[in-house]
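Please read this briefing with the sequence and the structure side by side.

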Amino acid sequence: MESKEEIYGVVIIGSGMGGLCCGTILAKEGKKVIILEKNRQLGGNLQVFSRDKCVFDTGVHYIGGLDEGQNMNQLFKYFNILKDLKLKRLNEDGFDHIHFFKEKVHYKYGIGYQNFAETLCAHFPNEKAAIDKYCASILDIVKKLPLAQLKADEDDSIAGIDFTLNARQYINSLTSDKRLQKVLGGTNMLYAGSYKTPFYVHALVLNSYIESSWRCVDGASQIAKLLAKQVMKYGGVVRNRSEVVSANYNEGGTIKSVILKNGKEIKGKNFISNMHPKITIDTFGEKHFKKSYVQRIQSLKNTGSMFTLHIAFKENMVPYRNYNIFQINQDDIWDLTHYSDNTWPSYYMATMTPNFKSEKFGSGMSVICGMGMEEVAAWNASFNNVTNQKSRGEDYEIFKNYKAQKVINALEIHFPDIRNKIKSYSASTPLTQRDYTGSPDGSGYGIEKDSEAAFKTIVNTKTNIPNLFLTGQNLTLHGILGVSLSALLTCFNLCDKNTLMKKINAA
């Protein structure tokens, strides 16, 4: 327990993947670190919960780049957590299956670029040139982003990348085949794809999964627990139920300390916020930021949210599928936010939970569907998470059940008679996402990236407060990879970049 005069080298607010990565890196680099988490459970979108002996992920459903020599594999080695992770590799010849309407054909994404191209060419034999160019374009962007290759180039040159290149427009320019266009963009739910999405976002996300795709057995919370263990191993402190509500400042305008909800003061030399930039401004005091900075951050739009149905199956009833299903029931794949009650869910992702007793059967499944915050506006004033278990009322439960039944009906395409194989289910809405992760508007993927305002929507790790830095999914890219790379950029402000990258590559 720290004394009143104890001063930490780095105070990190939020224990999402970004905060935990920063904490691990800086603790290993000899910094005196404390991580403050307002909730009981660590991890942000790494959180899990259990129903009927089935573990469900709330945010992370599969991870890319974990094969030997790939970026997440090397980062997890450096974090010293790879050997302890329980992982299951998805199908080599089809880790993602894309399905349209009630058609029987499944378009598959294969692991490895040659396999990926050959699998798609089997469906589109006359489009080999377009598919090859698509793969080459993704690899070109990755090659031009040193950090994605865990390289610390002196200038981190990104001059060769066109950040204004639009994903939808570029994909459609590669081929006139309308179905191939939709197949190549068919997993855009992974990054809340829209007419605004830059191609670099699409490329970095897809590259990671094409390289290799894995599921976390027992859920992604193991990542959070293992990272927290590393922070403490190197002398760091990790505290839950420690909500930061304000800050004290030195005369020179730097932050002196943060104040917890219980009134306790935590002093530090440097501070990292894993909170959304808008919440960071509110917490640290708008008057301490430049007006132009506040206006810019407040003008940024968040990506949409989702409704998720977590289903526990009756034992040995549903064969396990070692791949993800992307079901598309709409013509425009780049417009996921406009729908009617009659057409919803017009797009969903279904991912199964492995069964620990039998590899043949799945123990459960999570189904993610896009949903706007306006659908739950009637309950917007309510708040509910693990530490605040207050009912939102009977009407809310009726709403969730109504939506759950629509999702179950939609699943019949892939899982006939699924209704009779369900043991139990639980549903979450944009309000759940908002309350458990602190994401404004219940956003699932942070701040929306816009090809027409590319650099405006990429948020820098630095703020105009000299000792306050940002990290997390709202900066450059979301997801395990995006947040891990953002954490590196944050840590470059507090330790030597070249030394750190050498250590990571030597791990």
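In this predicted model, helix α4, which spans residues 128-143, and helix α7, which spans residues 199-211, have axes that come within 9 Å of one another and cross at roughly 95°. Because angles from 65 to 115 degrees count as roughly perpendicular, α4 is described as roughly perpendicular to α7.

**The contact of α4 with α7**

- On the side of α4, the residues that take part in the contact are Y134, S137, I138, L139, I141 and V142, and they meet F199, Y200, H202, A203, L204, L206 and N207 in α7.
- When the residues of this contact are sorted by type, ten are nonpolar and three are polar, while none is charged.

**An open sheet of three strands**

- Three strands form an open sheet in the order β5-β9-β6, and their pairing is antiparallel.
- The strands at the edges are β5 (63-64) and β6 (87-89), and each has a single partner strand, so one side of each is left without a neighbour in the sheet.
- Between β6 and strand β9, which covers residues 213-216, the antiparallel pairing extends over three bridges, and within these two strands L87 stands opposite C216 of β9.

**Strand β17 and its partners**

- Strand β17 runs through residues 362-371 and is mostly covered, since nine of its ten residues are buried.
- Strand β14, made of residues 305-313, runs antiparallel to β17 and is joined to it by eight bridges; L309 has V367 in β17 as its bridge partner.
- Strand β16, made of residues 347-354, is also antiparallel to β17, with seven bridges joining the two, and here M349 stands opposite I368 in β17.

**The chain as a whole**

- The protein chain contains 14 helices and 19 strands, and of its 507 residues 60% count as buried.
- For 507 residues, a compact globule would have a radius of gyration near 23 Å, and the value of 22 Å for the protein chain therefore agrees with that expectation.
- Taken along the principal axes, the box filled by the C-alpha atoms of the protein chain is roughly 65 × 55 × 45 Å.
- Among the contacts in the protein chain between residues at least 6 apart in sequence, 72% join residues that are at least 24 apart.

Key
Residues numbered from 1 in each chain as written. Predicted model: local features only at pLDDT ≥ 70, side-chain atom pairs only at ≥ 80, totals over all residues. Heavy atoms only, no water. Axes fitted to C-alpha atoms, helices over the stretch in contact; angles between N-to-C directions. Helix = DSSP H or I, 4+ residues; strand = E, 2+ residues; numbered from the N terminus. Parallel < 35°, antiparallel > 145°, perpendicular 65-115°, else oblique. Contact = heavy atoms within 4.5 Å. Nonpolar A, V, L, I, M, F, W, Y, C, P; charged D, E, K, R; others polar. Pairing = 2+ DSSP bridges. Rg over C-alpha atoms; globule rule 2.2 N^0.38 Å. Buried < 20%, exposed > 50% of the residue type's maximum accessible area, 1.4 Å probe, protein only.
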